[in-house]
Amino acid sequence: MLDPWTAAYQKGPEYMSLGEGDGKMEKLTYRAGVSYLAGLVGGGAYGAVEGLRNADRSTMRLRMNGIINAISRRGARLGNGVGVLTIL
């Protein structure tokens with residue numbers, strides 16, 4: 001007598017058909033991701049320049065902290081904004 005679990009797998013794997021869609025959502029997702037990444041890099045570069053200009057020069061640790069804060073502030077803001085504009 002066969003086990004019902006093994007009998008179900010004797011036919012082989014069954015694959016779902018993705019259909020013949022035009023891929024609008026895939027294109028939208030791709031473009032939003034690319035735009036977000038470009039905004040993140042561009043904003044991070046702008047934040048690095050801003051952080052280098054305005055960083056406290058007393059110690060290296062404070063200087064690096066100011067630079068990293070400016071990069072994360074500008075990069076995230078610009079990346080999110082550009083990604084949302086791409087979706088709209």
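This report describes the helices of one predicted model and the contact between two of them.

**Basis of the model**

Residues are numbered from 1 along each chain as its sequence is written, and side-chain values use heavy atoms, with hydrogens and water left out. Because the model is predicted, local features need pLDDT of at least 70 and side-chain atom pairs count only at pLDDT 80 or more, while totals for chains, interfaces and linings use all residues.

**The chain as a whole**

The chain has three helices and zero strands; helices (H or I, at least four residues) and strands (E, at least two) are DSSP runs, numbered from the N terminus. Along the sequence, the pattern reads α-α-α. Of the 88 residues in the chain, 17% are buried, a class that requires under 20% relative accessible area, whereas exposed means over 50% and partly exposed lies in between (1.4 Å probe, protein chains only). Among contacts in the chain with a separation of 6 or more, 65% join residues 24 or more positions apart; a contact means heavy atoms within 4.5 Å.

**Helices α2 and α3**

Helix α2 covers residues 24-54 and helix α3 covers residues 60-87. Their axes are 6 Å apart, and the packing angle is about 150°. Axes are lines fitted to C-alpha atoms, for helices over the stretch in contact, and angles run from 0 to 180 degrees between N-to-C directions. The two helices are therefore roughly antiparallel to each other, since angles over 145 degrees receive that description, while those under 35 count as roughly parallel, 65 to 115 as roughly perpendicular and the rest as oblique. By class, the contact of α2 with α3 has 14 nonpolar, 13 polar and four charged residues. Ala, Val, Leu, Ile, Met, Phe, Trp, Tyr, Cys and Pro count as nonpolar, Asp, Glu, Lys and Arg as charged, and the others, Gly among them, as polar.

**The salt bridge**

The count comes to one salt bridge, defined as a side-chain nitrogen of Lys or Arg within 4 Å of a carboxyl oxygen of Asp or Glu. Arg74 forms this bridge with Glu50, and the closest N and O atoms are 2.9 Å apart. Arg74 lies in helix α3 and Glu50 in helix α2, so the pair ties together parts that are 24 residues apart in sequence. The accessibility of both partners is given below.

| Residue | Relative accessibility | Class |
|---|---|---|
| Arg74 | 27% | partly exposed |
| Glu50 | 17% | buried |

Leaving aside residues up to four places away in sequence, Glu50 touches Ala70, Arg73 and Arg74.
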